[in-house]
Amino acid sequence: MRRTTPPHRRAALAAGTASAVAAAALVGVTLGLAPAASAGEFLANGGFESGSLGPWNCSGGTGSVVTGPVHGGSRALAAAATAGDTAQCGQTVTVTPGTTYTLSAYVNGSYVYLGVDGGGPSTWTPGTGGSYQKLSLTFTTGATQTSATVYTHGWYGQGTYYADDVSLDGPGAPSPTPTPTPTPTATPTPTPTATPTPTPTVTPTGTPTTPPAGSHALVGYLHASFANGAGYTRMADVPNSWDFIDLSFGEPTSVTSGDIRFNRCPATECPTAESDADFKAAIAAKRAQGKKVLISIGGQNGQVRLTTTAARDTFVSSVSAIIDKWGLDGLDIDFEGHSLSLDTGDTDFRHPTSPVIVNLISALKTLKATYGPGFVLTMAPETFFVQLGYQYYGSGPWGGQDPRAGAYLPVIHALRDDLTLLHVQDYNSGSVMGLDNQYHSMGGADFHVAMTDMLLKGFPVAGDTANVFPALPAAKVAIGMPATTNAGNGYVAPAEVDKALDCLTKLTDCGAYVPRSGAQPNLRGLMAWSVDWDRFGGREFSRNFDAYFGR
């Protein structure tokens, strides 16, 4: 996103590193036997004595059964956490609604978690010193809940952890009881004293951030830390059309520090700016209306390179401090310029190795895990870092390409389950090849259709049909556009905006490019740079959005 007007075009050709796949969805096995009257064991193979994982399922093939170290019996679970996968292993069982259960396990390793999926409780230990320790928790099922998935997992980059003698105890156990696990020896239950990263003091409220089918949203960036030709817009004066309001920008104290600061526009630059107290109160009022208010990190001037784990942890703690101070819903990643790039040899977007990529993925997963399902995570990459990856990825097999080409792909892929919205900037862009193998340029509906279709259909990275970036759900995709001619190169009039929406959501009024992904009525909506430029332009962009979707 650009602060200046008119914005200059961004550097072209970017490359991205492959990112580790986010933890795969667990496929559980339901025990459908008639419940007995007494309490008992619900898990099958909790001691892994069968010699196989079944009915446990581990993300990304990270789990195996080993003969040592064990807690009881002769076998245990070993699962290897990587930079992009926590090695989550789970089992799904039948439970009784409105009933309290006790889950326990013996674990060995650094940052090992035990929990109940679907927003249930979890507990963890920061380290066991090479020996087994017991984790235990209780939970009560919902009024209509008939199944639960219990899990163990490690932490990003912490290596292999072990679990043994996992037990779920409660009334109405299946009969006959699944094969019992060996009786554990007495081991004191540890009390965690530290978290992998600093724990924020305020938790964003709200429901999980994947929207229901058919809902549409308008995303806008608010010039909160600077002024330009668009003037200053007070938070309380942001029109009701905007569903996501991104505060622009949080920026680092230095490129590699990871220390993000959000400074409001000073009175000398923005004499009409409200006080901090009024700004915070207006944020709370917007959230009470159902709006999402985020801190956007980066922008044109905010280069962020998390080259070390120390920078990663500082990023988490400093972003958390901003979210907590202002009472925000989450975070928008608007990394531009040289923030993301792929090291030579980092060629698989599914398994990235470049530190700036791996550390960013880890930081975002930590923030999402810390704040819970209500945490909003959005991204606003340029076409250079996403769609260009169809042709070029990183420095290429022979070197010589821009190492930033496609560099967002591993980040998007690793976070696809945690991502609320992806809204690529379809502006300030050079010509980009679409899935029709033709180059498309800014200035009309076809460019937006072709670029968005690549996200909705998926595409082979660098033309490799064995290395396909999977499609994103339409409900997680919005189209980024300039609100006015002043806001950025690539502005299109409302009629062209409507044509792009018609083609993508209804397969009507399409031009030369017809989407390969078919009609996508659940396309989430539009993003604009910016709220301020839209207001400057008489609200042409936001009013047209409202009219199109009948709001």
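A disulfide here is a pair of cysteine sulfur atoms within 2.5 Å. With that in hand, welcome to the close-ups. This is a predicted model, in which local features need pLDDT of at least 70 and side-chain atom pairs count only at pLDDT 80 or more, while totals for chains, interfaces and linings use all residues. Residues are numbered from 1 along each chain as its sequence is written, and side-chain values use heavy atoms, with hydrogens and water left out.

**View 1. The C265 to C270 disulfide.** C265 is joined to C270 by a disulfide, with an S to S distance of 1.8 Å. The torsion about this S-S bond is about 75 degrees, so the link of C265 and C270 is right-handed. Both C265 and C270 are buried; buried means under 20% relative accessible area, exposed over 50%, and partly exposed in between (1.4 Å probe, protein chains only).

**View 2. The C58 and C89 disulfide.** In this pair the sulfur atoms of C58 and C89 lie 2.1 Å apart. The bond links distant parts of the chain: C58 sits in strand β2 (residues 57-58) and C89 in strand β5 (residues 89-94), 31 residues apart. Helices (H or I, at least four residues) and strands (E, at least two) are DSSP runs, numbered from the N terminus. A torsion of about 115 degrees about the S-S bond makes the disulfide of C58 and C89 right-handed. C58 counts as buried because its relative accessibility is 17%, and C89 counts as buried at 0%.

**View 3. The C503 and C510 disulfide.** C503 and C510 are joined with an S to S distance of 2.1 Å, and the 100 degrees about their S-S bond make the link right-handed. Is C510 buried or partly exposed? At 26% relative accessibility, C510 counts as partly exposed, whereas C503, at 1%, counts as buried. The structure holds three disulfides, and with bonded cysteines counted along the chain, their pattern is 1-2, 3-4, 5-6.

**View 4. Helix α5 and its cover.** Helix α5 (residues 445-457) has 13 residues and should span 18 Å at 1.5 Å a residue, which agrees with the 18 Å between its end C-alpha atoms; the expected span is 1.5 Å times one less than the number of residues. How many of the 13 residues of α5 are buried? Eleven are, so the helix is mostly covered. Among them are F447, H448, V449, M451 and L455. The cover over the buried residues includes β18 (421-425), β19 (432-433), β20 (439-440), β21 (459-460), β23 (477-482) and α6 (494-506). Just after α5, G458 has a positive phi of about 85 degrees.

**View 5. G490 in its loop.** G490 is found in the loop between β23 and α6. With a relative accessible area of 16%, G490 is buried. Which residues does G490 touch, not counting residues up to four places away in sequence? They are Y427, M442, H448 and P482, where contact means heavy atoms within 4.5 Å. The C-alpha atoms of G490 and H448 are separated by 10.0 Å, and the two residues are 42 apart along the chain.

**View 6. Two nonpolar cores.** A nonpolar core is a set of buried Ala, Val, Leu, Ile, Met, Phe, Trp, Tyr and Cys residues joined through side-chain atoms within 4.5 Å. The largest one has 111 residues, of which M235, L247, F315, L331, L364 and M379 touch the most other members. Leaving aside neighbours within four places in sequence, L364 is in contact with F315, L331, I333, L377, M379, V411 and L415. Apart from this core lies another, of 29 residues, among them L43, C58, V107 and A148.

**View 7. The whole chain and its confidence.** The protein chain has eight helices and 24 strands, and 57% of its 551 residues count as buried. Its mean pLDDT (the predictor's confidence in each residue, from 0 to 100) is 85, with 84% of residues at 70 or more. Over residues 4-38 the pLDDT is below 50, and this stretch has 158 contacts in the model beyond near neighbours in sequence. Residues 198-214 also stay under 50, with 34 contacts beyond four places in sequence. Where pLDDT is low, the predicted coordinates should not be read in detail.
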